[in-house]
Amino acid sequence: MSDILINKLKSYDRTVNCMPDKSMSVRAVLFNAYATGEAVVKNLLLSDDVLSAVDCARRLGAKIDIDGTTARIAGSPFSGAVLDCGNSGTTARLLIGLLSGLNGTYTIDGDASLRSRPMKRVIEPLRSMGARITDTDGRLPVTVVGSALSGTSYQMPIASAQVKSALMLAGLNASGRVTVTEPSKSRDHTENMLREMNAAVTVDGNTVSIEPGIIYARSMTVPGDISSAAYPICLALAVKGGHCLVKNVGINPTRTGIIDLLRSIGANIEYKNAVMSAEPVADVEVRQGKLAPFIIEGGLVPRLIDEIPVLCALACFIDGVSVVKDAKELKVKETDRISSTVAALRALGADIEPTDDGMIIRGGKQLRFGTVDSMLDHRIAMSAAVAGAAGAGVNIIDADCASVSYPKFYGEVIGV
């Protein structure tokens with residue numbers, strides 16, 4: 001890992017080709033690796049997390065050939081394997097669900113950061129279905145011994161696309177229907193993708209059901225990741241006279257909480273060249289202007305959970321008090337993103353304090369140059385880069401961790 005120095009930007013006017021969606025890239029790899037047949041996945045994100053998913057799929061028996069950003073995937077019956085998910089919580093949790101109903105013994109592990117993240121939220125409902133899973137104090141490494149699974153109806157205490165997806169994947173090999181209800185709707189890429197792959201998926205509000213069945217490989221093009229688009233968007237809004245055009249952004253309604261929030265506080269954001277489908281895309285154009293402070297709470301939280309750190313960075317440049325609450329889920333990400341966001345922005349002079357379920361940011365105070373420890377969390381590193389570039393500069397320790405989701409971030413978005 002290496003550090004990076006970012007100076008204050010005097011202006012910001014940039015066109016960015018949006019990074020492919022990480023959530024969808026991981027799913028496209030794992031689902032097609034398990035499915036019957038072959039598929040071509042275009043615009044695959046070649047980030048560390050996605051490459052971890054590719055490695056796991058290959059170890060499970062799938063054949064994957066990558067040429068540029070195109071992957072040709074030939075599925076194969078999975079057999080027992082030892083799997084290293086790196087830093088990818090999505091890969092780990094989805095595989096725990098998928099492998100629970102298959103033959104074989106599987107060991108699922110990851111790096112030190114992933115080993116610290118909770119897996120009980122996935123393991124406990126799977127065990128209630130009959131899964132045989134041995135964990136390490138509720139964390140990785142985990143051993144899954146494939147077993148017969150029953151159907152279930154599960155009420156999730158916290159909205160989580162990863163938990164929902166794990167249970168849906170287990171449902172493909174259960175003896176009956178699996179139904180999952182969330183308190184608020186999380187991203188629905190799994191529902192959309194599995195439906196396209198022949199799964200019998202039904203959705204009713206915040207409840208999704210899946211019947212046991214076979215899925216077939218499906219060729220697809222991965223849209224741009226709105227979580228990655230959030231950085232140039234927020235930077236354009238934080239720099240006086242700022243402007244950006246982010247091309248090919250996925251605007252799935254379960255992911256556009258950041259756009260809805262920013263428009264509600266006065267941001268000038270337009271969609272251009274929109275293509276509507278189950279996973280709609282558009283170019284997103286943003287122009288800086290006066291913004292009001294914001295409140296993030298309730299059902300909005302799961303629709304922008306990954307964007308909260310960079311929104312807190314933006315809040316530093318908005319006069320007034322902005323508030324994040326109902327976001328305890330931030331505590332179980334790559335870092336505790338409540339404490340790590342507060343530490344990063346305080347290092348730059350921000351007036352920000354943590355709460356039990358979020359943060360309070362008193363914006364409009366001039367930031368200063370400072371050094372930020374990324375804590376090896378890609379979203380903290382990139383959010384600090386935005387705050388520093390719009391403020392008075394920043395030195396980021398272990399800045400390379402941005403490659404987990406956004407290779408070449410500093411050059412493409414910041415221009416360094």
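Helices (H or I, at least four residues) and strands (E, at least two) are DSSP runs, numbered from the N terminus. The model is a predicted one: local features need pLDDT of at least 70, side-chain atom pairs count only at pLDDT 80 or more, and totals for chains, interfaces and linings use all residues. Residues are numbered from 1 along each chain as its sequence is written, and side-chain values use heavy atoms, with hydrogens and water left out.

**Ile-66 and its patch.** Ile-66 counts as partly exposed because its relative accessibility is 32%. My cut-offs: buried is under 20% relative accessible area, exposed is over 50%, and partly exposed is in between (1.4 Å probe, protein chains only). With Leu-46 and Leu-51, Ile-66 makes a nonpolar surface patch of about 210 Å². Patch residues have over 30% relative accessible area and no salt bridge; like charges are joined within 9 Å, nonpolar side chains (Val, Leu, Ile, Met, Phe, Trp, Tyr) within 5 Å. A salt bridge is a side-chain nitrogen of Lys or Arg within 4 Å of a carboxyl oxygen of Asp or Glu. Areas come from the Shrake-Rupley method with a 1.4 Å probe, and for residues only the protein chains shown count as cover.

**Strand pairing.** I followed β4 to its partner. β4 and β5 pair in the antiparallel sense over five bridges; a pair needs at least two DSSP bridges. Ile-64 stands opposite Ile-73 in β5. Two residues lie between β4 and β5 in a hairpin, and Gly-68 in the turn has a positive phi of about 65°. Strand β3 (residues 38-42) also pairs with β5 (residues 70-74), antiparallel, over four bridges. There, Ala-39 stands opposite Ile-73. β3 also pairs with β14 (residues 220-221), in the parallel sense, over two bridges. Val-41 faces Met-220 in that pair.

**Helices α3 and α5.** I checked burial next. In α3, eleven of eleven residues are buried; among them are Arg-93, Leu-94 and Ile-96. In α5 (residues 120-128), I found Val-122, Ile-123, Pro-125 and Leu-126 buried. Their cover includes α3 (89-99), β9 (139-145) and α6 (161-171). Contact means heavy atoms within 4.5 Å. Just after α5, Gly-130 takes a positive phi of about 110°.

**His-189.** This residue lies in helix α7 (residues 189-196). Buried or exposed? His-189 counts as buried, because its relative accessibility is 2%. Its side chain makes a polar contact of 2.8 Å with that of Arg-255. A polar contact is a pair of N or O atoms within 3.5 Å; within protein, one must be able to donate a hydrogen and the other to accept it, and residues adjacent in sequence count only if both atoms are side-chain atoms. Leaving out residues up to four places away in sequence, His-189 touches residues including Asp-21, Asn-252 and Glu-279.

Most residues other than glycine have a negative phi, and most peptide bonds are trans. I noted a cis peptide bond between Leu-140 and Pro-141, with omega about 0°. Pro-141 sits in β9. Asp-398 has a positive phi near 55°. Lys-408 has a positive phi near 65° and lies in the loop between β23 and α13. Lys-408 is exposed, because its relative accessible area is 67%.
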